[in-house]
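Subject: Structure handover

Hello,

Here is the structure I said I would pass on. Please open it and keep it in view while you read the notes that follow.

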Amino acid sequence: MRQIRIILAGLATAILASCSSSQPPQAYGPIPTPDQMEWQKMETNMFIHFGPNTFTGLDWGHGQENESVFNPTELDCRQWARTAKAAGFKGIIITAKHHDGFCLWPSRESTHSVASSSWRDGKGDVLAELSQACREEGLKFGVYISPWDRNDPHYGTPEYNDVFASTIDDIHGKYGPIFEQWFDGANGEGPSGKKQVYDWDKFHSMVYSHNPHCVIFSDVGPGCRWCSNERGVAGETNWSKLDVEGFVPGIGAPPTDTLFCGNVHGTNWMPAEVDVSIRPSWFWKESENDRVKSLEKLLDIYYTSVGRNGLLLLNVPPDNRGLLHEADCARLMEFRAALDEIFSKDLAQGSKVRASASRGGKLRPANLLDEDYDSFWTVPDGNLTPSFTVTFPEERTFNRVMLQEYIPLGQRVAGFKVEALSGDGTWKELAQATTIGYKRILRTEKTTAKAVRVTVTRSYDVPVLNRFALYLDEISGK
Ligand code: FUL
C-alpha cells in the first residue's frame, strides 16, 4: 500500500510538471504593444514626399518659396492609393509638412499652405483627399510632420513648441485615424543657426489624445526607431529593443551603429523602420524619371529590410502633375509580381518536423509550418540551444530560408545555423546568422536537399519560434 501511494504521488508530480512545462514561457524583456505588433505585421508601407520641392527641384526647400509654385495640374490621391494597394503596401505616410514649412492642408497655424496657392483656387486639401482615398482602398493613413521648420518665424523660441503642438492637434484632430506619426530628426541649421529645444512630451500627448493607437516614429521612438540610414538596410543583427534614457531625436540621438542594430538588452521595445526612396531623391525630379531603382535593387532592399526584422517604408514621390509617374508604377507592379512569385510557394509545406526537444502540449514543432501567427514551438525552460529538422517527402530545391520568432513573448535568439541534408546523407552548413525577431530571411546558395536542420546556437531565454519556410527566388539573381 505504501508503495502504491509513493507511485501515485510520483505520477501526480510528473503530470503536474508536464502541465506546467506545456504552458508558454514567461515573456523575456520588453515586448511589443498590440499597436506595435499590428504595425510590424504591415511589413511594407509607402512613403510620399510631395510639396513645393516637387516643383522647384530642391531637396530641402528654404521656406520662402512663393505658395504659387505648388500647382499640380492633375492631382489624384486615388491613383496613389490604388497603386499602393496593388503594390501590396498596407499604409501610406505623407509629408504633411516638410522642412520648408509648407502645409499640404489648410493649416490653422500657417498661411504657408495650399490655401494660399492657386491650386484649386486655394480650396484644395491633400490630407483630406489622401486620407479618404486610403479609407476607400483599405489602407492605413500616416503623416510625416517635420519638427524643423524653415518658414515659421517662431522656430528657435519656446513659442514654436506651442505652434508645433497645435499643428499636430490640427492634423490629428481632422484626418484620423492616423496609424503612424513620423517625426524627422533632420536639422540643417548648422552650429550658428536657430536652436529649438523641443517639448517631445507635449507633442506625444497631443498625438495620443486624438489617436491613442498611433505608432510614433523618431530616432528613439517611442513607437519605432529609425534604422540609421536611407539606403534600405537594417542591421544583420537587429534587436527590436533600444535604451532610450537620456536620448532625444536628432542631434541627441544614440550613435548610428546603435540605431542600426538596436540594443540587445534595450529597455524599450523599439523595432526598426527602414525608409528609402525608389529614386535617388526623396522628391520627384524630372531628371530622375529614368533613375527609378531596378527590380533587382528593390528585391535586395526587401531582403535587407523586411528580411532583417525591419519594416520597409518605400518612398514613391508623385510628380508635378500630382500623379505617381508611369516609370515608378511599372516598377512597383514588377516588384509585387516578383514577391508574389517568390513567396507564394513555401517549399517546406507537407514535411515532417522533429525537434531536439519540445515543451509539450500544443507547443509542438509542427506549429513551425502553419500560418497561424499565434501557434508556436518552444522548449522546456533552461534549454537555450534546441534544434529542429524538417524532412521533405522528396528532395526539394530552395535558396531562401525564412524564420519568425513569436515576438509577443520578446526577442530572444542571438545565433542560429541552418544545415541541409544532401542525397548522399551528409549535412552541409548553409548559413549562420545572429538575430531573428519578427522575420528573418536568409539568402543561401541554391540547394537541393532531403531535409533542413535549424539549430539555435545562442539565445537569452528559451527560443520561441512560430514559423519556418523555404522559398526559391529565381528572379533576384543573388
Ligand atoms: C530626412 C529629410 O531631411 C529628407 O528630406 C527626407 O524627408 C527623409 C525621409 O528624412 O531626414
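The model is a predicted one. I start with a single residue, Ser 218. Leaving aside residues up to four places away in sequence, Ser 218 touches Phe 183, Cys 224, Arg 225, Trp 226 and Pro 249. Ser 218 belongs to strand S5, which covers residues 215–218. Is Ser 218 buried or exposed? Its relative accessible area is 1%, and buried means under 20%, so Ser 218 counts as buried. Its side chain also reaches the backbone oxygen of Gly 221, at 2.7 Å.

In soluble globular proteins, nonpolar side chains tend to be buried together. The largest nonpolar core here has 70 residues, and the members that touch the most others are Trp 80, Ile 94 and Val 126. This core lies between domain 1 (34–343) and domain 2 (352–471), because both domains give residues to it. Another core, of 31 residues, lies apart from that one; Val 353, Val 401, Ala 420 and Phe 468 are among its members.

Val 126 is worth a look of its own. Not counting residues up to four places away in sequence, the contacts of Val 126 are Phe 70, Leu 75, Cys 77, Trp 80, Ile 94, Leu 104, Val 114 and Trp 119.

Val 126 also opens helix H5, which runs over residues 126–137. From the first C-alpha to the last, the 12 residues of H5 reach 16 Å, close to the 16 Å expected at 1.5 Å a residue. At the N-terminal end, Asp 125 caps H5, with a side-chain oxygen 3.1 Å from the backbone nitrogen of Leu 127. Just after the helix, Gly 138 has a positive phi of about 70°.

Which residues of H5 are buried? They are Val 126, Leu 127, Glu 129, Leu 130, Ser 131, Ala 133 and Cys 134. What do they pack against? Their partners are helices H4 (77–86) and H6 (158–174), together with strands S2 (91–97) and S3 (140–145).

Last, the ligand. The residues that surround the ligand are Phe 47, His 49, Trp 60, His 98, His 99, Tyr 144, Asp 184, Ala 186, Glu 230, Asp 275 and Trp 282. A polar atom in the side chain of His 99 is 2.8 Å from a ligand oxygen. For Trp 60, an N or O atom of the side chain lies 2.9 Å from an oxygen atom of the ligand. For Tyr 144, the corresponding distance to a ligand oxygen is 3.4 Å.

Regards

How values were computed: Residues numbered from 1 in each chain as written. Predicted model: local features only at pLDDT ≥ 70, side-chain atom pairs only at ≥ 80, totals over all residues. Heavy atoms only, no water. Core = buried A, V, L, I, M, F, W, Y, C linked by side-chain atoms within 4.5 Å. Buried < 20%, exposed > 50% of the residue type's maximum accessible area, 1.4 Å probe, protein only. Domains from an automatic or database assignment. Contact = heavy atoms within 4.5 Å. Helix = DSSP H or I, 4+ residues; strand = E, 2+ residues; numbered from the N terminus. Expected span 1.5 Å × (residues − 1). Polar contact = N/O pair within 3.5 Å; in protein donor to acceptor, adjacent residues only side chain to side chain. Near = heavy atom within 4 Å.
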